[in-house]
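Q: I have a model open and want to learn how to read it. Can we go feature by feature?

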Amino acid sequence: MSTLQRDPDKRVQVLDEEGRVRDGATVPELEEDELIEMYREMKIGRHFDQRAVSLQRQGRMGTFPPMSGQEGAQVGSVHALAEDDWLIPSYREHAGVYSSGVELSETLRYWMGDERGNQMDGQPVFPSTVPIATQIPHATGMAWASKLKGEDRVFMCYFGDGATSEGDFHEGLNFAGVFDTPSVFFCNNNQWAISVPRERQTAAQTIAQKATAYGFEGVQVDGMDPLAVYQVTEAAVEKAREPTGEDRRPTLIEAVQYRFGAHTTADDPSVYRDDDEVEQWKRRDPIPRFEAYLRSEGLLDAERIDAITAEIESEVDDAITAAESTDRPDPSEMFEHVHSETPDRVADQREAFERLRDRHGDEELLE
């Protein structure tokens, strides 16, 4: 049986909660340097997340969506992509976007209100998408166009469990199944869609099993086990690129994990979930779990961990300095980057805004 050819409720796992290889599990073949890089990227994702929340609390940045707890799913999956494959994120894939080559300073600029931070500098990374599930049809359309052009590319689209309740999810996956697009749909099931628990999203036993209705495979994986995530995503990417037999290209991956922090910095998770639940999930934290595995393999020791920690702290400091030293965007840019040809109603809104600026001045508007 392949990694993907299993019942969707048979969760793929490689490491246990203590970082030990599970009985019968197969460890993916990764070079030592790549394993260390995955660890570094997970660590920098966590540190970046903590600093970004702190910046928001200090009034130095707008609302921010924390991702602590989800680093293993993001980094493990991105490392299974080829250089030219596309990543289509939602709004919480900070570590995954970084792993794809986008600077942390650009992510900060975006959440500081600068749309220039969402341009991705030529990387095969789609702009961050805040509306729930709207990126899924886009990702499917991109994959279909690439297939029609004869390109050798895979398109991996991220979304949360709440997105599976949206029509865009069903339309995108149905289209992908019918037209056999080179797609990997990656559901970060972090148990909560803001304050709505997973069991209120669907009566299905798993999210992964929904793929059956669209004619392709779905697989559930331990999203806090980066090796298991890599293993599953690698198989899905390989199938999307070169399917065998009667296999269809798309795959739906359900990565079961947990969001340690708030949905965004405007949210108070203590209102809708218990601290005991959070602590229970923290025992599966992907970073110490992966670190324990790397230590057991002789790839990490205290000295090397200290060096990595110092390196990432410096890198995040530099990213913050770069983001905060950038000239503020002109407020009129809020009307840009949406339409190829500006509709009359948007042009009217922009003209009205400019009249307000002329009358009151920017300082008055920004207070």
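Q: Which helix gives the most to the lining of the largest cavity?

A: A cavity is a set of points, on a 1 Å grid over the protein atoms alone, where a 1.4 Å probe fits but cannot get out, and lining residues have an atom within 4 Å of a point. Helices (H or I, at least four residues) and strands (E, at least two) are DSSP runs, numbered from the N terminus. Here helix 4 gives the most, with four residues. Helix 3 (94–99) and helix 4 (104–111) each supply at least two residues of that lining. One caution about the source: this is a predicted model, where local features need pLDDT of at least 70, side-chain atom pairs count only at pLDDT 80 or more, and totals for chains, interfaces and linings use all residues. Residues are numbered from 1 along each chain as its sequence is written, and side-chain values use heavy atoms, with hydrogens and water left out.

Q: How many cavities of 30 Å³ or more does a search of the whole structure find?

A: A volume is the space filled by probe spheres set on the grid points, which are joined across faces, edges and corners. The search finds one cavity of that size. The largest cavity holds about 110 Å³ of space. It has 16 lining residues, and H94, V97, T107, M120 and S128 are the closest to its centre. By class, the lining has seven nonpolar, six polar and three charged residues. Ala, Val, Leu, Ile, Met, Phe, Trp, Tyr, Cys and Pro count as nonpolar, Asp, Glu, Lys and Arg as charged, and the others, Gly among them, as polar.

Q: Which residues lie nearest the centre of the largest pocket?

A: A pocket is an open set of points with protein on both sides within 12 Å along at least five of seven lines. M112, G113, D114, E115 and P329 lie nearest the centre, among 32 lining residues. Helix 4, helix 10 (302–325) and helix 12 (362–366) are the elements that give two or more residues to this lining. The largest pocket contains about 720 Å³ of space. Its lining divides into 13 nonpolar, eight polar and eleven charged residues.

Q: Why is strand 2 largely enclosed by the rest of the structure?

A: Start with burial: buried means under 20% relative accessible area, exposed over 50%, partly exposed in between (1.4 Å probe, protein chains only). Strand 2 (residues 155–160) is largely enclosed because five of its six residues are buried.

Q: Which strand joins strand 2 by six bridges?

A: Two strands pair if DSSP finds at least two bridges between them. Strand 3 (residues 183–189) runs parallel to strand 2 and is joined to it by six bridges. Y158 stands opposite F186 in strand 3. The chain goes from strand 2 through helix 6 (residues 167–179) to strand 3, a right-handed β-α-β crossover. Right-handed means that, with the strands pointing away from the viewer, the path from the first strand over the helix to the second runs clockwise. Strand 1 (residues 86–88) also pairs with strand 2 in the parallel sense, over three bridges. There, W86 has F155 as its bridge partner.
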